[in-house]
Amino acid sequence: MASSSSPLQSPLFSLLSTPGVVVPKLEPSEFNGGGGDGGGDGGGDGENPSQLLTPDLLRRLLDELSPAAARDDALLSDYLLLAKLKLAAASAATSPAAAVAATPSPSSVISSVALANPSPKNRRRSGGLVRVSHLGAADHAYFRVLVRRARLTYDSLRCLYARRRSIRDETGGGGGGEGGSPGRRRRPDLIAAKTMTDRGLWLHRDRRIVGPIPGVAVGDVFLYRAELCVLGVHGAVQAGIDFVPASQVPEGEPIAVSIVSSGGYQDDEDAADDVLVYTGSGGRVGRNSVWHSADQKLERGNLALERSMTYGIELRVVRAHPADATPTGRVYVYDGLYKVVDCDRHVGRSGCHVFRFKLLRMQGQDDCGLKNLKLAEHLKAQLAAGAKPEGYAKRDISRKRELLPVPLFNNIDEDVDPRLFDYVARPDFPSPAVAPRGCKCVADCSTNCLCEKRNKCGFAYSNGVLLRGRPVIFECGDSCKCPPTCPNRVAQKGMRHQLEVFRSRDTGWGVRSLDVIQAGSFVCELSGEVLTREEAKYVSAEHATYLIDPTRFPERWREWGDVSEAIPDRPPPEFANRPELGYFLDVSRKRNVACYISHSSVPNVFVQFVLYGHDAESYPHIMIFAMENIPPLRELSIDYGIGQECVGMLAQ
């Protein structure tokens with residue numbers, strides 16, 4: 001089936017005319033409906049290429065059109081490869097045997113035009129416009145993994161640089177550091193982005209994509225503008241309008257491809273719906289001022305937006321929204337595709353002339369991401385006030401056993417099954433035979449304390465965010481002298497995000513958050529009744545379907561914190577083998593919110609074993625951390641390490 005095949009092996013990439021290949025488009029006339037059907041075949045009454053080209057001439061042309069000869073220009077390479085594919089198709093009509101030998105293999109097509117092909121260091125951004133469409137389910141999954149890998153690398157680098165800066169501050173090391181001059185403090189998010197571009201790890205650096213970015217979903221959230229650049233969603237770190245300048249467009253007119261609406265102007269109007277009124281750029285007193293001191297001009301980004309309106313070119317829209325719980329105090333939400341439908345110039349609130357562009361969201365997309373963000377805030381406020389919003393069957397199925405209530409939502413049927421189980425926030429492990437060891441720190445733990453040494457590669461967290469995954473994290477426990485504020489006490493403190501169990505048409509029961517969850521943050525613990533492996537042997541076959549074996553979880557913790565792709569001289573550390581785990585979790589009668597998290601082979605959360613309160617390494621806690629930034633109301637998913645035949649049981 002298509003869902004199980006890799007896009008690298010998919011027939012999508014075997015022929016030019018098949019959807020899924022990135023096809024360079026003629027701009028801007030192609031976007032305005034001119035030029036026939038956009039196929040580039042000449043249109044009109046042109047003759048069939050097979051009637052004009054002999055097999056011998058086709059073979060000679062195919063030999064000449066080699067993408068390798070144009071490897072210094074990725075866009076030209078794409079055009080040559082596509083021309084070669086067209087000739088191969090024409091050759092099939094004249095000499096099928098010759099076509100078999102001349103048609104490039106799928107692997108050669110991927111290597112030349114794949115979107116994820118890394119760009120050489122400091123390559124100038126291409127002005128060529130391309131559009132990606134008609135991707136199949138397998139292709140969407142493939143590109144989602146590529147985006148996930150880039151985001152993992154970026155977040156891991158940012159956490160690493162943030163930790164290094166924190167250490168320099170603690171030790172009086174001063175400013176400077178990676179990518180900065182002495183005495184200058186560089187932001188970790190910008191250093192991470194620079195490191196990735198130096199290594200050619202930015203996605204789509206050698207092409208400007210019009211329309212959606214493969215692998216980026218409507219509603220995805222970002223905490224830093226630089227991450228938008230890394231993924232190709234928006235190419236400007238500071239400017240609100242990303243556009244192809246007129247000098248790089250054959251027609252000599254700039255074309256806008258994306259905007260970030262951050263409320264930086266007084267004349268912006270954003271009601272978090274399908275209409276956005278966006279103020280043009282320029283004329284401000286200072287870079288961070290909302291006031292205008294001069295009239296805006298129809299140039300650069302403003303002109304690009306006006307030209308995009310004229311040619312009907314869609315734009316990617318990213319909206320900023322205040323979020324107190326995030327490091328930057330705001331969150332950026334990808335809201336999908338919009339079209340500029342109106343443009344006017346009038347006197348703004350500052351008394352200067354400004355351009356205002358009215359954008360209308362295109363139909364057929366997933367729900368507006370910012371709308372979901374505000375809906376989640378409204379629901380959370382209602383629940384906190386003691387109300388039970390429509391669709392909620394229970395305000396707290398944990399019965400106050402969690403730090404935050406765990407609501408139950410079901411607007412599909414009358415099922416209230418999660419209310420029938422005994423809720424256990426934490427598993428009850430066997431009492432240790434020997435008192436656990438603890439550090440002697442009188443203040444927050446620091447370098448060279450006992451707990452830091454037990455973690456081998458240094459402390460696992462920085463500002464509450466996981467730095468690097470490892471077989472087992474040793475947190476400070478009851479035997480430690482350090483205070484509760486110690487940065488090595490994270491997962492043991494319990495949930496910090498408002499999670500809820502909800503009824504899903506796709507997965508039966510699922511879990512989602514009403515908060516934005518930052519990548520690397522602790523989400524919740526997986527809990528149930530603890531059975532030793534010996535006790536589990538006597539469980540009936542029917543009852544065994546409710547046993548969770550901790551050893552079945554794939555070691556996805558290895559993916560978090562791995563920066564070797566960006567920093568080759570920093571390979572992943574070699575960890576000692578984890579001791580054999582000595583228990584199962586029985587969730588037939590006792591369970592918690594984590595037991596309703598759905599299975600996925602492309603999950604957004606992962607398992608990290610954590611030990612505290614005892615030294616029995618065969619009984620670690622099953623802690624769940626976020627693998628990416630997770631927006632509110634998006635279902636959590638984890639890789640249980642099971643086959644498809646077992647997935648249905650998880651909905652029970």
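Val275, Val341 and Leu360 make up a nonpolar patch on the surface of this predicted model, and their accessible area together is about 210 Å². Patches consist of residues with over 30% relative accessible area and no salt bridge, with nonpolar side chains (Val, Leu, Ile, Met, Phe, Trp, Tyr) joined within 5 Å and like charges within 9 Å. Accessible areas were computed by the Shrake-Rupley method with a 1.4 Å probe, and for residues only the protein chains shown count as cover. A salt bridge is a side-chain nitrogen of Lys or Arg within 4 Å of a carboxyl oxygen of Asp or Glu. Val275 lies in strand S8 (residues 275–279) and counts as partly exposed because its relative accessibility is 31%; buried denotes under 20% relative accessible area, exposed over 50%, and partly exposed the range in between (1.4 Å probe, protein chains only).

The model is a prediction, in which local features need pLDDT of at least 70 and side-chain atom pairs pLDDT 80 or more, whereas totals for chains, interfaces and linings use all residues. Residues are numbered from 1 along each chain as its sequence is written, and side-chain values use heavy atoms, with hydrogens and water left out.

Strands are DSSP runs (E, at least two residues) numbered from the N terminus, and two strands pair if DSSP finds at least two bridges between them. Strand S10 (residues 330–347) runs antiparallel to strand S4 (residues 221–222), to which two bridges join it; Phe222 has Tyr332 in S10 as its bridge partner. Eight bridges connect S10 with strand S9 (residues 315–322), again in the antiparallel sense, and Arg316 is placed opposite Leu337 in S10. Five residues separate S10 and S11 in a hairpin, and Gly351 in its turn has a positive phi of about 90 degrees.

A further open sheet contains four strands in the order S12-S13-S18-S19, with mixed pairing. Strand S12 (392–394) and strand S19 (508–513) each have a single partner strand and stand at the edges, so one side of each is left without a neighbour in the sheet. S19 is joined to strand S18 (residues 499–504) by six bridges in an antiparallel arrangement, with Arg503 opposite Trp509 in S19.

A patch of positive charge on the surface gathers Lys388, Lys394, Arg399, Arg401 and Arg419. Lys and Arg count as positive and Asp and Glu as negative, while His and the chain ends are not counted; the place of a charge is NZ of Lys, CZ of Arg, CG of Asp or CD of Glu. Arg401 is located in the loop between S12 and strand S13 (408–409), and its relative accessibility of 41% makes Arg401 partly exposed.
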